[in-house]
Amino acid sequence: MKHSIEKLKGFGIGLVMAGIGMISSGGTGAAQGLCAGSCQACYACGVTAIPLLLWMALKARRRGSRLSLVNVEPRERVAAESLTQIS
Amino acid sequence: MKASRTMQLYKRLLFFLLGMILFTAPFALVATAVGHLLPAASGAGSAIAQSEPTIHRAMCLRMPLVWATWEQATFVGRILDNPLYALVFLLIGISVLIGPMFCGWLCPGGMTEHLSRLVPARFKINLRGRLDPAPVRYGFLFGFFAVSAPFINKSICCGYCNWTWIEHVWSALFFRLDGVTGGRVFAYSSSSIITFLLTFVLLGIFMAGGRGWCNFLCPAGALQNLAHSIGAKLPFTYKLRFDGMKCSDCYECVNACPTWAIAPARNSISINRHTCNGCQDCVQACPPGALMYTRGPL
């Protein structure tokens, strides 16, 4: 159940990222986003999207550095999980 | 073991350079060759002759997916006009048989993986083992097909084309700073700046493995991996195979995988076919040779 929720959450993150792309993809003219399309580099969409991306990056950075396998040796982690299962 | 890993690194670097020469400007040998073979006078190949031979113009690997979904009426005509647009479908077909080898060996997007080796690990975002990239990738793919195309008339792939930026950087190395990759309008648009931040910074060189873009956003890669996940179930296809009897639980493969496709499991490992890109770094990293990329049952 928890695994399915995690997957659903991931799917939602992907959709949100596509949404961010949709908001700010007017920049090339070819893409024709929500703005006029032929970008005159007003940066309005960037002003919307860049802080959101930076926030996501910082959140990921904090989460990653705290929990990543760089800090927790996989062998130890698996061993600990195995012990928990046995007990 | 260290020597074999170094050899693997050089081998992949050579293939990556070959991919850059074959697919991206200023060389783009594939598009140029097909453009010459199919003269514009006959109708076929005129699109290649008229547009610049670049990976995001003459041989785009993303827009044909959108056309196939939303513009079937003109889709066949486009393919006949420029057969290179069928390349992405060929790659998806090949992925069923041998896995997404294009992603791991030839894709110009691999530039970020190779550049990320120069960044110390402590500066990188490492979500390996903590976030499964596959659902995020398929969520973005769903948004790419189902949401963006009807809402914004086209798709978000041109606004967020990482290959364009890579072509910019690559072309600059050969002093091609003119309109070869779309000109200055693209270069200074905010979406291209976001793309640069995403491709090179956030999901590129500062992401563990350097394959954040491939892991989370690439629609062509997602479809190739979807094909691979189905193909891997067949006994005659090539795929990453694991021999549990040989495994020494060192988990070198987990850290070697640039796409976070291998996760430790109890007395074993789990291989995620939805993110494996067939690079075989794990095969070279495995000291007892428990991993192999061969044909056979799982």
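Tutor: To begin with a term, a contact means heavy atoms within 4.5 Å. This is a predicted model, in which local features need pLDDT of at least 70 and side-chain atom pairs count only at pLDDT 80 or more, while totals for chains, interfaces and linings use all residues. Residues are numbered from 1 along each chain as its sequence is written, chains are lettered from A and ligands numbered from 1 in the order in which they are written, and side-chain values use heavy atoms, without hydrogens and water.

Student: Which residues does L203(B) touch, then?

Tutor: Not counting residues up to four places away in sequence, L203(B) touches L197(B), L198(B), G210(B), R211(B), G212(B), W213(B), F216(B) and L217(B).

Student: Which residues touch the most other members of the largest nonpolar core?

Tutor: They are L198(B), L203(B), F216(B) and L217(B), in a core of 53 residues. Such a core is a set of buried Ala, Val, Leu, Ile, Met, Phe, Trp, Tyr and Cys residues joined through side-chain atoms within 4.5 Å; buried means under 20% relative accessible area, exposed over 50%, and partly exposed in between, with a 1.4 Å probe and protein chains only. Helix α9 (residues 133-152) of chain B supplies the largest share of this core, 7 residues. Another core, of 15 residues, lies apart from it and includes V254(B) and Y293(B).

Student: New topic: where is T24(B)?

Tutor: T24(B) sits in the loop between α1 (2-23) and α2 (29-37) of chain B; helices here are DSSP runs (H or I, at least four residues), as strands are (E, at least two), numbered from the N terminus.

Student: Is T24(B) buried or exposed?

Tutor: T24(B) is buried, at a relative accessible area of 1%. Its side chain makes a polar contact of 3.4 Å with that of W170(B); the term denotes a pair of N or O atoms within 3.5 Å, where, within protein, one must be able to donate a hydrogen and the other to accept it, and residues adjacent in sequence count only if both atoms are side-chain atoms.

Student: And α10(B): how many of its residues are buried?

Tutor: In α10(B), 9 of the 12 residues are buried, so this helix is largely enclosed by the rest of the structure. Among the buried ones are E167(B) and W170(B), both of which are in contact with T24(B).

Student: How many helices and strands are in chain A?

Tutor: Chain A has 3 helices and 0 strands. Buried residues make up 33% of its 87 residues.
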